Amino acid sequence: MSGFITVLLVILVFVIIYQIGKASEYASAMRGQEVVKYKTNRVIGWLLVAFFFLGLYGIWKCDQYFKPMMLPVASCENGIKWDSMFNTTLVVTGIVFFATQAILFWFAFRYQTTEKSKSFYFAHSNKLELIWTTIPAIAMAILVAIGLRNWAAVTSPAPGDATVVEVVGKQFNWLIRYPGKDNELGKRDFRKINDANNVLGLDWSDPHNNDDIISQKGELHVVVGKPVKLIIGSRDVIHDVGLPHFRLKMDAVPGITTTMWFKPTITTDSMKRITGNPNFVYEISCDQMCGKGHYSMRGTIIVETQAEYDKWMSEQKSYYAENNAPATPAAPAAGAEAPKADSPKAVTMK
Ligand SMILES: [Cu+2]
C-alpha cells in the first residue's frame, strides 16, 4: 500500500511540474499574464482539493496500521476513565481538525482569483472574535477539568486496605520492596546504599526494616481487585514508573518521594487470554531517559489472585535476614561504600 501512495505522490509531483511548465509556455506565447495566472490558480485549486482527500485517505490508512499497536483494554478502574478522557479529547479535537482543514482547503479552491472575482476586505468582527475565543475556551476548560479529576483520583490518598509497595529506580532496573508483616516500610538512607548487601540503603537501626522484603526477581506482585499504593523513589537519577496497561506514570526522583495508587482489575492470566498472547506480561517501563541502559529498564508486574499472591509472598525472605543473618550490621562497610553510591557518580553517567 505504501508503494501505491508513493506512486500517487510521484504522479502528483509530475502533474505539478507539468502544469508549471505549461503555464510558462502560455506566458511565453504572450497570451497575456492574467490568463496564465487564472489557469494556474484553477489547477492549484483542484490540486489542493486532491491533496485534502489524499490526506483523509492517509489518516484512514494510518489508523489501520496503528490499531494493532494500540494497548489492550485498561487493567484498572482509573485506566478506563483515562481512556474515556482520551477518546473524548480525540473526538472534540478531531471534529475541530476536520472542520478547519475542510474549510481551509475549500476556501483556497472557492476563493481563487478568477476573471470575475473581486477582492473583499474584511478587517474585523467582534462577534466572530467572541465566538471563536469563547467556544474553544469552554471546551478546553471542560477537558482540563476531566483531566484534573482523573489526576486527583490517582494521586489522592489510597484506600486504607491498599497493599503498600515501594518502587525504586536505579540505573538500570527497578527495586521492589514490601513492608513485611508489620506493614511498615523501614527507613532508608542513601549513604548506606551498597550493591553487595544493601541495595536500597535500608537503615538497620530501624526495626521496621527487619521484615522488609525486596522482591528477589524484581517482580511486582499485586492482588487483583485490591488497591495498590506505590511509593516511588530513585537511587541515582530521575526515572519514571510507567505502567502502560494501567494508564499510569509517575516520576521517580532522587531525594523526593512520589506516590500513586491503582486497583488492578484483570489478572495476568486473564490478560493472556484477552490479548491472545501466551507470553503477555504487565510491564513497568522507565518513561524517563535515564542513561545508556534506559531501554533495558523493564520490570514486570504480576496481577494474581489472593491465594497465588500469598503463596508467592510465603516464598520471599526478609532482606535483613538474607544479608545480616550471621551478625549485626557491618557499619564500617556501609560507611565506606557511601561516597561510591552518591550522586556525583550517577551524574557522570550519561
Ligand atoms: Cu530509568
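This report walks through the predicted model, from its confidence to its domains, sheets, core and one lysine.

## What you're looking at

This is a predicted model, in which local features need pLDDT of at least 70 and side-chain atom pairs count only at pLDDT 80 or more, while totals for chains, interfaces and linings use all residues. Residue numbers start from 1 along each chain, as its sequence is written.

The pLDDT (the predictor's confidence in each residue, from 0 to 100) averages 85 over the chain, and 91% of the residues score at least 70. Helices here are DSSP runs of H or I with at least four residues, strands are runs of E with at least two, and both are numbered from the N terminus. Over residues 333-350 the pLDDT is below 50, although this stretch has 19 contacts in the model beyond near neighbours in sequence. Two residues are in contact if their C-beta atoms, placed from the backbone, lie within 7 Å. Where pLDDT is low, the predicted coordinates should not be read in detail.

## Domains

The chain splits into domain 1 (1-70), domain 2 (74-113 + 126-156) and domain 3 (163-348); such bounds come from an automatic or database domain assignment. Between domain 1 and domain 2, the C-alpha centres are 30 Å apart. Eight residues of domain 1 touch six residues of domain 2. On the domain 1 side, that makes four nonpolar, two polar and two charged residues. For this tally, Ala, Val, Leu, Ile, Met, Phe, Trp, Tyr, Cys and Pro count as nonpolar, Asp, Glu, Lys and Arg as charged, and the others, Gly among them, as polar.

## Strands and pairing

Strands pair if DSSP finds at least two bridges between them. β1 (residues 163-170) runs antiparallel to β2 (residues 173-178) over five bridges, and K170 has N173 of β2 as its bridge partner.

Now for β6. Five bridges link it to the antiparallel strand β7 (residues 248-252), with G242 opposite K249. The two strands form a hairpin with four residues between them, and R247 in the turn has a positive phi of about 55°. β6 also pairs with β9 (residues 282-286), antiparallel over two bridges, where V241 partners C286. Four of the five residues of β6 are buried, so the strand is largely enclosed by the rest of the structure. Buried means 20 or more other C-beta atoms within 10 Å of a residue's own, exposed means 12 or fewer, and partly exposed is in between, with C-beta atoms placed from the backbone.

## The core

A nonpolar core is a set of buried Ala, Val, Leu, Ile, Met, Phe, Trp, Tyr and Cys residues joined through C-beta atoms within 7 Å. The largest one has 38 residues, and V165, V167, L220, L230, V241 and W261 touch the most other members. Domain 2 and domain 3 both give residues to this core, so it lies between them. Leaving aside neighbours within four places in sequence, the contacts of L220 include V165, V167, I176 and I284.

## K187

K187 sits in the loop between β2 and β3. It is partly exposed, with 14 other C-beta atoms within 10 Å. Beyond its neighbours within four places in sequence, K187 is in contact with D203, D206 and N209. N209 is 22 residues away along the chain, yet the C-alpha atoms of K187 and N209 are separated by 7.0 Å.
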